[in-house]
Amino acid sequence: MPKHALRRVMTATAAAVATLALGLTDAAAHATPDTLDYVALGDSYSAGSGVLPVDPTNLLCLRSTANYPHVIAATTGARLQDVTCGAAQTAHFRQAQYPGTAPQLDALDTGTDLVTLTIGGNDNSTFINAITACGTAGVLSGGKGSPCKDKHGASFDDEIEANTYPALKQALLDVRAKAPHARVAALGYPWITPATADPSCFVKLPVAAGDVPYLRAIQAHLNDAVRRAAEETGATYVDFSTVSDGHDACEAPGTRWIEPLLFGHSLVPVHPNALGERRMAEHTMSVLGLG
């Protein structure tokens, strides 16, 4: 074979091999996607406070290694950085919550792929104040009437609208600025109370009959504030209003996702148990198309 013909054959063969190698490399890249860099932000509902085992790296945050971020990471194979912290407010995205605990936003960067968060319930102490006020009023009234609503009226709702909602929106804008390429999921809070009073639940959740729907309406308003903030900042809102119905703190163990105020099975009352954290993870993955 002439030399020039041999060179043409060798050149064509090399080009074919290179094309084949490129094709195999491209196929491998599509067959094995990069591991997600996942950062979990948020308060005690994100941290799984009260669910064992406790993460020993920061005992002040009362973070569980069985919280919904860990369930998501274990299912998807994501590389998780969990900076959730019990009692966190939106302010703790930008400032330290405890000495030695960095602002939660410090965990984000341009390489972050996925962010989840549950936040807002501690702003203005909305949850704790409403539950404490209504629980106290319920005990004093023997479970009759709506003493909490009668006393506090629209005050909790006014605080959510005037303070919590804009703080949520700013927090999500801050997340977007720090992690511009990330998919951000803002989770609502699963139902704490049933839609109507259950007399058999009063010993576990001592809220007067007329205040049970009042508390639920406050929680619905908070979740709506999370939804609006998410939609206005390009985040995905994960709605638990349907899937958590019938799994409130008045339900039996094994059914409830939230532990009651009294006689529950968790170190932290009125918070998700291990089942609740798993279900929060599962629904979030379903909404995001993960897993």
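Cys201 and Cys250 form a disulfide, with 2.1 Å between their sulfur atoms. The model is predicted. This pair links distant parts of the chain, 49 residues apart: Cys201 sits in the loop between β4 and α7, Cys250 in the loop between β5 and α8. The structure holds three disulfides.

**Disulfides**
- The link of Cys201 and Cys250 is left-handed, at -85 degrees about the S-S bond.
- Cys201 has 2% relative accessibility, so it counts as buried. Cys250 counts as buried at 12%.
- Cys61 and Cys85 form a disulfide, their sulfur atoms 1.9 Å apart. Cys61 lies in the loop between α2 and α3 and Cys85 in the loop between β2 and β3, so the pair ties together parts 24 residues apart in sequence.
- Cys134 and Cys148 form a disulfide with sulfur atoms 2.1 Å apart. Cys134 lies in helix α4 and Cys148 in helix α5, so this pair ties together parts 14 residues apart in sequence.
- In sequence order, the bonded cysteines pair 1-2, 3-4, 5-6.

**Sheet**
- Five strands form an open sheet with parallel pairing, in the order β2-β1-β3-β4-β5. The edge strands are β2 and β5.
- The twist averages 20 degrees from one strand to the next.
- Four bridges join β1 to β2. Ala40 has Asp82 in β2 as its bridge partner.
- Helix α8 lies across β3, β4 and β5, running at about 145 degrees to β5.

**Core**
- The largest nonpolar core has 68 residues, and Leu117 and Val175 touch the most other members. Helix α7 gives the most to this core, with nine residues.
- Leu117 touches residues including Leu41, Phe93, Val175 and Leu187.

Technical notes. Residues are numbered from 1 along each chain as its sequence is written. This is a predicted model: local features need pLDDT of at least 70, side-chain atom pairs count only at pLDDT 80 or more; totals for chains, interfaces and linings use all residues. Side-chain values use heavy atoms; hydrogens and water are left out. A nonpolar core is a set of buried Ala, Val, Leu, Ile, Met, Phe, Trp, Tyr and Cys residues joined through side-chain atoms within 4.5 Å. Buried means under 20% relative accessible area, exposed over 50%, partly exposed in between (1.4 Å probe, protein chains only). Helices (H or I, at least four residues) and strands (E, at least two) are DSSP runs, numbered from the N terminus. Contact means heavy atoms within 4.5 Å. Two strands pair if DSSP finds at least two bridges between them. Axes are lines fitted to C-alpha atoms, for helices over the stretch in contact, and angles run from 0 to 180 degrees between N-to-C directions. A disulfide is a pair of cysteine sulfur atoms within 2.5 Å. Lists of a residue's contacts leave out its neighbours within four places in sequence.
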